[in-house]
Amino acid sequence: MSGTQGAKQRVQLHRNGTVWIFSSARCEENSLPQLMSRHKFNAAPGTPTKRTMWSLAPLLLALGLALTSSDESGFGPVFEEQPMDTIYPEESPEEKITMSCRARANPPATYRWRLNGWDIKLLEQEDEHYSLEDGNLVITNPDRNNHVGKYECVAQNMYGTIVSREAIVRFGYLDPFSTEERDAVYVKEGQGAVLLCAPPPHYPDELLFRWMLNEFPVFIPLDKRRFVSQTTGNLYISRVDSSDLGNYSCFVSSPSIAKSVFSKFISLVPIPE
């Protein structure tokens, strides 16, 4: 007779009619399999051995089923939800990051988290930033210096331990342009001109560029003469003419963090030939 999880039972019949049941399963204190392994069953004195075994067969079968069902009801953690890479806008009004983690297990799993391979001490000491909600890690008032890194969720119970995939937390930002005045650009009519954007420090790299003319929110239309590079943000004008006279500002948007900034205005002055 054998159970799940590698558990095995052995029946031993002694000449005096005593039947012993031995179990190799590791069991909790006072569990049914353990009690079975402690007790013996005495056949009636003088009863033939085969008859004794046949009379005990229903009892042995019932006990074996109990062992099997007990083992099958428990299982180790299986992830149903794991943390994902997160970009947190530094100026977010929510002021918290939630890293999700949920596992199916019986008995229910307990959770802990790691940052860059080190356990986050959630139980040993209180932390004003970290808290655990079910299996989810909540980071309150996150800051770039302390909370950037690789996070892992660890779920465990008596049957096993599993570790989630790594989830990277980064901070999204778009700094303001420099407040220094920009020099005017003088170009002869008929020649080409380039107005430099020079975007400020930012993350992530993806930005969208437009140029304003004289005031917000008047944006210059793009045509065959005017082109804005979505790599550098620079404005290119071919064959400058008198209609190009004005003050230009580079307008930069970060779609990942829904933020925009614009530069100081640059004067473009066409020079008649």
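Trainee: How far apart are the sulfur atoms of Cys101 and Cys153, and what do they form?

Mentor: In general, a disulfide is read from the distance between two cysteine sulfur atoms, which must lie within 2.5 Å. In this predicted model, the sulfur atoms of Cys101 and Cys153 are 2.0 Å apart and form a disulfide. The pair links distant parts of the chain, 52 residues apart: Cys101 is in the loop between strand 6 (96–99) and strand 7 (102–106), and Cys153 is in strand 12 (residues 149–157).

Trainee: Is the link of Cys101 and Cys153 left-handed or right-handed?

Mentor: Handedness is read from the angle about the S-S bond; here that angle is -75 degrees, and the link is left-handed.

Trainee: Are Cys101 and Cys153 buried or exposed?

Mentor: Buried means under 20% relative accessible area. Both Cys101 and Cys153 are buried.

Trainee: How many disulfides does a search of the whole structure find?

Mentor: The search finds two. Cys197 sits in the loop between strand 16 and strand 17 (202–203), while Cys250 belongs to strand 21 (residues 246–254), so the pair links distant parts of the chain, 53 residues apart. This link is left-handed, at -75 degrees about the S-S bond, and both Cys197 and Cys250 are buried.

Trainee: Which pattern do the disulfides follow?

Mentor: Count the bonded cysteines along the chain, then write down the partners. The pattern here is 1-2, 3-4.

Trainee: Which residues form a nonpolar patch on the surface?

Mentor: A patch is made of residues with over 30% relative accessible area. Here Val194, Leu196, Phe227 and Tyr236 form one, with about 380 Å² of accessible area together. Val194 lies in strand 16 (residues 193–195) and counts as partly exposed, because its relative accessibility is 40%.

Trainee: Where is Gly117 found, and why does Gly117 count as exposed?

Mentor: Gly117 is in the loop between strand 8 (110–115) and strand 9 (118–119). The cut-off for exposed is over 50%; Gly117 is exposed because its relative accessible area is 53%.

How values were computed:
Residues are numbered from 1 along each chain as its sequence is written. This is a predicted model: local features need pLDDT of at least 70, side-chain atom pairs count only at pLDDT 80 or more; totals for chains, interfaces and linings use all residues. Side-chain values use heavy atoms; hydrogens and water are left out. Helices (H or I, at least four residues) and strands (E, at least two) are DSSP runs, numbered from the N terminus. Buried means under 20% relative accessible area, exposed over 50%, partly exposed in between (1.4 Å probe, protein chains only). Patches are made of residues with over 30% relative accessible area and no salt bridge: like charges are joined within 9 Å, nonpolar side chains (Val, Leu, Ile, Met, Phe, Trp, Tyr) within 5 Å. Accessible areas come from the Shrake-Rupley method with a 1.4 Å probe; for residues, only the protein chains shown count as cover. A salt bridge is a side-chain nitrogen of Lys or Arg within 4 Å of a carboxyl oxygen of Asp or Glu.
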